[in-house]
Amino acid sequence: MAALKFELQFTDLNSKARAGKVTTDHGEILTPIFMPVGTVGSVKAVSQKQLSEDVKAQIILGNTYHLYLRPGIEVLEKAGGLHKFMSWDKPILTDSGGYQVFSLSGTRKLTEEGAVFQSHIDGSKHLFSPEIVMDIQRSIGGDIIMAFDECPPGGSEYDYAKTSMELTHRWLDRCFRRFNETMDKYGHSQNLFPIVQGGIHHDLRKFSCDYISSKDATGNAIGGLSVGEPTEKMYEICALCCEHLPAEKPRYLMGVGTPWNILECIALGIDMFDCVMPTRNGRNAMLFTSNGVINIDNKKWEKDFSAIDTGIDCEVSNNYSKAYLRHLIKAKEILGLQIASIHNLAFYIHIVTTAREKIISGDFLSWKNEMASRWQQRL
RNA sequence: UCCUCCUUAGCUCAGUUGGUUAGAGCAUCUGACUGUUAAUCAGAGGGUCAUCCGUUCAAGUCGGAUAGGGGGAG
């Protein structure tokens with residue numbers, strides 16, 4: 001049982017991109033990495049076996065808010081933690097529910113103590129405080145757990161972003177205190193990642209980076225991006241954060257993004273990503289492929305019996321045809337959602353693993369530029 | 001051969017006692033989706049109301065003929 005370790009293996013000479021290795025008690029993660037989102041203990045439409053064998057996922061996410069409401073902490077503890085509950089023996093990262101407090105803002109009430117919100121399932125009222133969220137994440141048992149933060153909307157004014165950031169910092173202190181007072185529950189080490197906030201304001205972000213860094217956590221996250229601000233702003237803030245966060249710790253950019261967002265942010269020094277886009281958009285008939293974005297719903301694929309994507313190493317993408325997948329999606333067959341989700345996730349993983357190879361071989365930037373021209377429209 | 005019913009968007013159908021620019025679902029196409037309350041949501045295009053002739057200020061709605069189709073009787 002050992003705390004998470006990060007080994008910085010290669011640094012690109014022409015950009016800030018890095019290749020590294022994260023070691024957890026559930027195995028290694030080679031970075032840069034994309035982490036499929038499995039909110040309620042399930043990457044929607046994709047089985048654990050498919051995640052391992054087809055998608056080649058190295059780590060997945062769970063969500064504190066959702067798992068706390070259902071199935072509930074009692075079940076998860078009795079199961080021996082989320083890994084055992086869902087039969088996934090690779091690393092898991094749990095998000096704290098901070099984002100849900102933001103996105104479900106219709107029914108929340110923020111105080112110094114925490115956030116009172118209503119369950120979207122039965123309307124019941126609950127309090128999330130930093131201490132409660134740490135306790136819940138201890139019970140879920142993720143290898144990496146996230147601080148409880150407030151995620152303000154993208155265009156937030158300076159004053160609101162500042163107030164919100166300061167609250168997040170005070171909550172962070174409480175998160176670490178509780179985290180350090182409590183023990184791992186299932187025989188493997190858990191690691192608390194703090195989250196940088198500060199909106200799109202440079203001085204706030206810099207301040208937040210310094211504050212977060214002072215916690216000397218095993219890894220650091222950047223939150224509050226891709227929440228409505230212009231994409232160029234996101235890159236700008238991401239670059240600034242990368243400069244001010246320690247180089248010897250993994251950097252996790254939360255919730256980002258499109259394949260192109262990911263390549264750009266890898267170039268800025270990000271190591272870890274998660275996003276709902278490959279699975280959600282896949283279920284909505286949007287496929288990310290080596291040749292660009294396609295809407296598999298379109299009639300033009302009706303008789304296209306070529307493979308979904310031969311440009312990536314995924315049996316599902318290589319074997320099933322566009323015409324077949326279109327048919328399944330049109331017919332609302334569950335298998336269609338599975339294939340689309342698996343393909344999109346495999347594509348995302350392909351992007352980050354290829355990025356890693358190119359960083360190591362020294363042609364990351366030229367490969368990235370080639371991708372840009374290949375995709376034409378930047379995905 | 002006769003009787004009867006039907007014909008409105010690509011498909012299946014609504015269209016009040018004749019009265020503004022004839023609607024819906026599906027299909028087609030487009031857009032959205034970034035730490036999942038989303039197999040979701042938003043929008044667009046598409047009709048000589050089978051054809052022709054009448055009645056009427058006004059016809060998808062009423063009358064007649066023709067064509068195609070369903071059912072029945074011989």
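Reader: Where does Gly-257 lie?
Author: In this predicted model, Gly-257 sits in the loop between strand S14 (251-253) and helix H10 (259-268). A cis peptide bond joins Val-256 to Gly-257, with omega of about 5°.

Reader: Which other peptide bond is cis, and what is its omega?
Author: The bond that joins Arg-70 and Pro-71 is cis, and omega is about 10°. Pro-71 belongs to the loop between helix H2 (64-69) and helix H3 (73-79).

Reader: What makes the phi of Ala-45 worth a note?
Author: Phi is near 75° there, a positive value, and the residue is not glycine. Ala-45 is in the loop between strand S4 (33-36) and helix H1 (48-55).

Reader: How do you know that S2 and S3 count as paired strands?
Author: Count the bridges. Five join strand S2 (residues 18-24) to strand S3 (residues 27-31), and the two run antiparallel. Pairing needs at least two bridges, so S2 and S3 pass. Thr-23, for one, faces Glu-28 in S3. Two residues lie between S2 and S3, and the strands form a hairpin.

Reader: What makes S16 and S17 a pair?
Author: Strand S16 (residues 286-289) and strand S17 (residues 292-295) share four antiparallel bridges. At least two are required, so this is a pair. Thr-289 has Gly-292 in S17 as its bridge partner. The hairpin here also runs through two residues.

Reader: Why do S7 and S8 pass as paired?
Author: Two bridges join S7 to strand S8 (residues 115-118), in antiparallel fashion. The cut-off is at least two, so S7 and S8 meet it. In one of these bridges, Leu-110 is partnered by Ala-115 of S8.

Reader: In the sheet S7-S8-S9, what is the order and pairing, and why are S7 and S9 called edges?
Author: It is an open sheet of three strands, in the order S7-S8-S9, paired antiparallel. Strand S7 (109-110) and strand S9 (125-128) each have a single partner strand, so one side of each has no neighbour in the sheet.

Reader: How do you know that H14 has the span expected of it?
Author: Helix H14 (residues 334-361) has 28 residues and reaches 40 Å from first C-alpha to last. At 1.5 Å a residue, the expected value is 40 Å, and the computed reach is close to that. Just after H14, Gly-362 takes a positive phi of about 90°.

Reader: How many cavities of 30 Å³ or more does a search of the whole structure find?
Author: One. Among the residues that line it are Pro-152, Pro-153, Ile-200 and Val-227.

Reader: Why does the lining of that cavity have three polar residues?
Author: Gly counts as polar, so Gly-154, Gly-199 and Gly-224 of the lining fall in that class. Glu counts as charged, so Glu-229 is the charged one. The lining also has four nonpolar residues.

Reader: What makes up the largest pocket?
Author: The volume is about 960 Å³. Its lining has 43 residues, and Tyr-99, Gly-255, Asp-274, Cys-275 and Val-276 lie nearest the centre. Helix H11 (277-283) is one of the elements that give two or more residues to it. H11 gives the most, five residues. By class, the lining holds 15 nonpolar, 21 polar and seven charged residues.

Reader: Which residues come nearest to RNA strand B?
Author: Of the 43 around it, Cys-151, Gly-255, Val-276, Lys-299 and Lys-330. H11 supplies the largest share of this surface, five residues. The classes are 14 nonpolar, 17 polar and 12 charged. Of the RNA atoms within 4 Å of the protein, 50% belong to sugar or phosphate and the rest to bases.

Notes. Residues numbered from 1 in each chain as written. Chains lettered and ligands numbered in written order. Predicted model: local features only at pLDDT ≥ 70, side-chain atom pairs only at ≥ 80, totals over all residues. Heavy atoms only, no water. Expected span 1.5 Å × (residues − 1). 1 Å grid on protein atoms, 1.4 Å probe; cavity = no way out; pocket = protein on both sides within 12 Å on 5 of 7 lines; lining within 4 Å. Points joined across faces, edges and corners; volume = space filled by probe spheres on them. Near = heavy atom within 4 Å.
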